[in-house]
Structure formats: C-alpha cells, structure tokens
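Please walk me through this model in the viewer. Tell me what to select at each stop and what is there.

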Amino acid sequence: MDYAAFFEQAVSDLKAERRYRVFADLERIAGRFPHAIRHTAQGPQPIVVWCSNDYLGMGQHPAVIEALASTARRMGAGAGGTRNISGNHHPVVQLEAELADLHGKDAALAFTSGYVSNLTGIATIAKLIPDCLILSDALNHNSMIEGVRNAGREKAIFRHNDLEHLEELLRRAGRDRPKLIVFESIYSMDGDIAPIGRICDLAERHQAMTYIDEVHAVGLYGPRGAGVAERDGEMARIDVIEGTLAKAYGCLGGYIAGSAAMVDAVRSHAPGFIFTTTLPPAVAAAACESVRILKASGDERARHQRQAARTKEALAAAGLPVMPTSTHIVPLMVRNAELCKAASDRLLDTHGIYIQPINYPTVPRGEERLRITPTPFHDESLIQALADALVEVWDHLGVPRDAAAPLAVAAE
C-alpha cells in the first residue's frame, strides 16, 4: 500500500486548483512593526506587513514584552501540564479575572487559542443543554462550524445577518425548546457587522441563548475595548462572549466569558479544556497586561480607526476595487484564485509588501481577495506606497477593477 501517494495526490489537487498555500518565512522586529525581515534563498529582505491580525501592534508594546519576559524569568517557560494536573498558575487566574471584568460577566475561562475556545465552548455548551437546537450564521468562522458539528445537536443555518430567516427558524423550533444562537460581531473577510441588538431582541422573544464571537473586535471597539457589543450597549444581553488574545491583544490564547454556572460547567466537562496544557504563565501575564492597557487607553483604537479610514480612501482614490466596510477590515477584491496568488507574489517580490492571498475555502470561489489590515503604525508614507504598488500590480497583471459583482453567501 502506497500511503505516501494519498498525501501527494491531496497536495497535487490543491496545486491544480490554485489553492496550494505557500507561507513566507518572516521575522518580526520588535519596535519596528509593521517592518519585518523575509528570509529567502537569496538572503534576508526587508518587507512591510499589511495583513497582520496584531491590529494595534500590541505584540511589540514594551510593557507587554516586559510582562512576558519577567514572568518567564520568575516562573519558567511552560505551564507544567493541564490545570487538572498542575493547578491554576497565578497569571492565568489574573487573566481570567481581567477578562470577566472586561465583559462585565461573572467569570471567564482561558483556552490555548480562539479556535479551541470556539470549538470547545460551543460544543460543550450545546451538549449540556438537553435537546438544544443550534442556530448558526451562514458565514460563521470554521472554528464555530466545527463547534456546532462537535456538539452533535440539531442545527439550523440562517442566512448571513438575515433576521427574518433567523426568526422563522426560531418560530419553527417553538418557545419551549432550548436554543443557542451563535454568530460573530465582525465577519473578518467582508468586514461587516452583525445586528447584535436585534438578534438579542429575537433571542429574548423566543427564549434562546446567545453566543457571540468578538475575536476581530475585542481590544478594538467599545470604551474599554470589550468589542462591538460593548460599543453598541448590548454586552449585558449576550449570554456567552468569546474572544481571542492573539489579535488586538498581540499575544496568544482564546476565552469565553459569561455566568459563573456556565463557565464552571464548561471547565468541568470540556475535553478541549480538561486534556490540554494551560497557557504558559509568561503568555498569560503578557495577555493580561495588554488587556489592562487597552481597558485604560483609547488612543490606540482611535489611531487604528484613523489609519484604516485613510487606507480605504487612498485605495479608492487610486481606482482599486475596495469593498466598502464600516470596520477596520479592508478587502480588496480580485475574484480569481490564480490572479490573487500572482498579485500577492508580485507585491512581495517586487515591492516588498506582504499581503497573503485569501482563497477558497476561506471565502467562496469567485470571491478571492487581498485582505488588508492597517494598524496605527502604517503611516501616510506606507499607505501611499501600498496604493502605488497595488496600482502597478493591477496594471501589470490585468486584474479587473470592477468590484460591483455581488458576494455569494458561503454555505457550511
């Protein structure tokens, strides 16, 4: 039996569909973000990163770095095992207290990543509710989809941000059946926002629980950076808030926040929590420091929004197909997998600009794009250099500038 042939064929299929992903070998430089070094066979090359999820550059904040380094010197590199074996190290206790306070909830529970917190959180919560029906937005992230699948409960997919469809499904389920609505605040590929308050209205009317993914919003929106639900005054109405420490907070990890009973039940029953090693103390301490800083300071958020708006203006003025969004996400439509990869390669090789192509299955076929994420550190000169480089790439490759075609709705 030639087992290797199966794997080789799987990779060949991706290459034939122009979906094979190549990862650049990059070295971030603390204190110089978004500048980085690309390691190539020809030697190191300076580049500018335009697609990082370290939205505020907190991964290089001196206080965050010092919290990580000093904790590692004091407590060592690792956590020593799962919490069931090694207990709660103090930095993770402090982190969870900060996160609960951030969202105005009784308790929070930290996981090793946002992917794990979604997969484990949704699956465990739904399993603990007898006969639970899960209602999931059609454009939810893969981690949420996997959480729904792993729950083993009946599911219903409602059309993206379609409240009439959601209400129809809620009515069909009946008021007396337990229901869990799972959705995101900001959808990271299109940069659009869920109608949080109106979803909460439906949930209350039909006696459903709500679970919101705020990973692309925590740190970035709201008076203390708790997300879009905080900004819109709806945070107290959400039953479960899920977030990440790896994007705006610049570190690593994910979490859920909610009632003490819910968090304790997940802690006690979730395999994705029970059987995996805890976040290292140094990482937890760094994340905790980042959360504290962004609770107290809105300057980073203001500068971030300003530079995102400036980037959109510059690209639109250059005649490039920027999808309009009300968030910090800047999607630049290509709508062809091969051209998208070629555009990304030319930006990197010719202009020293790194933007990873976004192809299927992250977005539907025909909706391929470059996803640009400005930060407070992308100044006017970098924005203009990006616009000039993109114009050259679009002209060189003949990429269409018409972004008017409607987006297809992704199905699970």
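Which side chain meets that of arginine 19 in a salt bridge? Select glutamate 17: its side chain and that of arginine 19 form the bridge at 2.8 Å, N to O. A salt bridge here is a side-chain nitrogen of Lys or Arg within 4 Å of a carboxyl oxygen of Asp or Glu. Arginine 19 is buried at 18% relative accessible area, and glutamate 17 is partly exposed at 39% (buried is under 20%, exposed over 50%, partly exposed in between, with a 1.4 Å probe and protein chains only).

This is a predicted model, in which local features need pLDDT of at least 70, side-chain atom pairs count only at pLDDT 80 or more, and totals for chains, interfaces and linings use all residues. Residues are numbered from 1 along each chain as its sequence is written, and side-chain values use heavy atoms, with hydrogens and water left out.

Next, select arginine 224 and aspartate 101, a salt bridge with its closest N and O atoms 3.0 Å apart. Arginine 224 sits in the loop between β10 (209-213) and α9, and aspartate 101 in helix α4 (residues 90-103), so the bridge ties together parts 123 residues apart in sequence.

Move to glutamate 230 in helix α9 (residues 228-231); helices are DSSP runs of H or I, at least four residues, numbered from the N terminus. Glutamate 230 is buried without a salt bridge, and arginine 224, the nearest side chain of opposite charge, is 4.4 Å away. A polar atom of the glutamate 230 side chain lies 2.9 Å from the backbone nitrogen of alanine 226.

Notes: Helix = DSSP H or I, 4+ residues; strand = E, 2+ residues; numbered from the N terminus. Lys, Arg positive; Asp, Glu negative; His and termini not counted. Polar contact = N/O pair within 3.5 Å; in protein donor to acceptor, adjacent residues only side chain to side chain.
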